[in-house]
Amino acid sequence: MKTVLIIDDNNDYRETLKNILEDHGLEVIESDCPDTAYRLLKNMNPPDLIVCDLYMPFTTGPDRDEYKTSCEVGLKTLQELSWVYPQVPVIALTGLSETDLSRLKQYLDPIPAYRKPFRVREVVQLVDGFLESREWGGMQ
């Protein structure tokens, strides 16, 4: 069974995406922040796909207020995960506006980014495409 790691501080989007992917026969590991995701990744085999939000806090724990919630957190997380797991497709799924997303394009390249909200069929096709081809890159 293929495994997808979802990193998103928005419980509703994370839960919705988890349900869609599990209904599609995938195993889903959830994390509400990069801090938790890094701890999870230490104790598991690399996932087959990582889906990460762009705008979020580094941690949702008691130290949350010490960290700024920003696009920089998601961007750095996406970049680090793509470097540490070069064989694993890493994609951004974000609620940022098209304008804000366009500004980040140069920092995301070659990590692709897609906007929320998403349609069930579209997200399933997107995930299937990355899992089947293992080829990724370019901004959508």
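## Close-up views of a predicted model

**View 1. Strand S4 sits inside the structure.** In strand S4 (residues 90-94), 5 of the 5 residues are buried, so the strand is largely enclosed by the rest of the structure. Buried here means under 20% relative accessible area, with exposed over 50% and partly exposed in between (1.4 Å probe, protein chains only). Strands (E, at least two residues) and helices (H or I, at least four) are DSSP runs numbered from the N terminus. Val90, Ala92 and Thr94 point one way from S4, while Ile91 and Leu93 point the other way, and all are buried. This is a predicted model, in which local features need pLDDT of at least 70 and side-chain atom pairs count only at pLDDT 80 or more, whereas totals for chains, interfaces and linings use all residues. Residues are numbered from 1 along each chain as its sequence is written, and side-chain values use heavy atoms, with hydrogens and water left out.

**View 2. Here is the open sheet, with its 5 strands in the order S2-S1-S3-S4-S5 and parallel pairing.** Strand S2 (27-31) and strand S5 (113-115) stand at the edges with a single partner strand each, so one side of each has no neighbour in the sheet. Direction ignored, neighbouring strands are turned by 20° against each other on average. Two strands count as paired if DSSP finds at least two bridges between them.

**View 3. Strand S3 and its partners S1 and S4.** Strand S1 (residues 3-7) runs parallel to S3, joined by 4 bridges, and Ile7 stands opposite Cys52 in S3. On to the next pair: strand S3 (residues 49-52) pairs with S4 in the parallel sense over 3 bridges. In that pairing, Cys52 stands opposite Ala92 in S4.

**View 4. Helices H2 and H3 meet.** The axes of helix H2 (residues 34-42) and helix H3 (residues 71-84) come within 11 Å and cross at roughly 20°. Axes are lines fitted to C-alpha atoms, for helices over the stretch in contact, and angles run from 0 to 180 degrees between N-to-C directions. H2 and H3 are therefore roughly parallel to each other; the cut-offs are under 35 degrees for roughly parallel, over 145 for roughly antiparallel, 65 to 115 for roughly perpendicular, and oblique for the rest. In this view, Pro34, Tyr38 and Leu41 in H2 meet Val73, Thr77, Glu80 and Leu81 in H3. The residues of this contact (heavy atoms within 4.5 Å) divide into 5 nonpolar, 1 polar and 1 charged. Ala, Val, Leu, Ile, Met, Phe, Trp, Tyr, Cys and Pro count as nonpolar, Asp, Glu, Lys and Arg as charged, and the others, Gly among them, as polar.

**View 5. Helices H3 and H4 meet.** The axes of H3 and H4 come within 11 Å and cross at roughly 30°. That makes H3 roughly parallel to H4. Cys71, Leu75, Leu78 and Gln79 of H3 make the contact with Leu104, Tyr107 and Leu108 of H4. By class, this contact has 6 nonpolar, 1 polar and no charged residues. Turning to the sheet, H3 lies across S1, S3 and S4, running at about 165° to S4.

**View 6. Two loops to look at.** A cis peptide bond, with omega about 10°, joins Asp109 and Pro110. Pro110 lies in the loop between helix H4 (98-108) and S5. For context, most peptide bonds are trans. Gly61, in turn, has its place in the loop between S3 and H3. At 30% relative accessibility, Gly61 counts as partly exposed.
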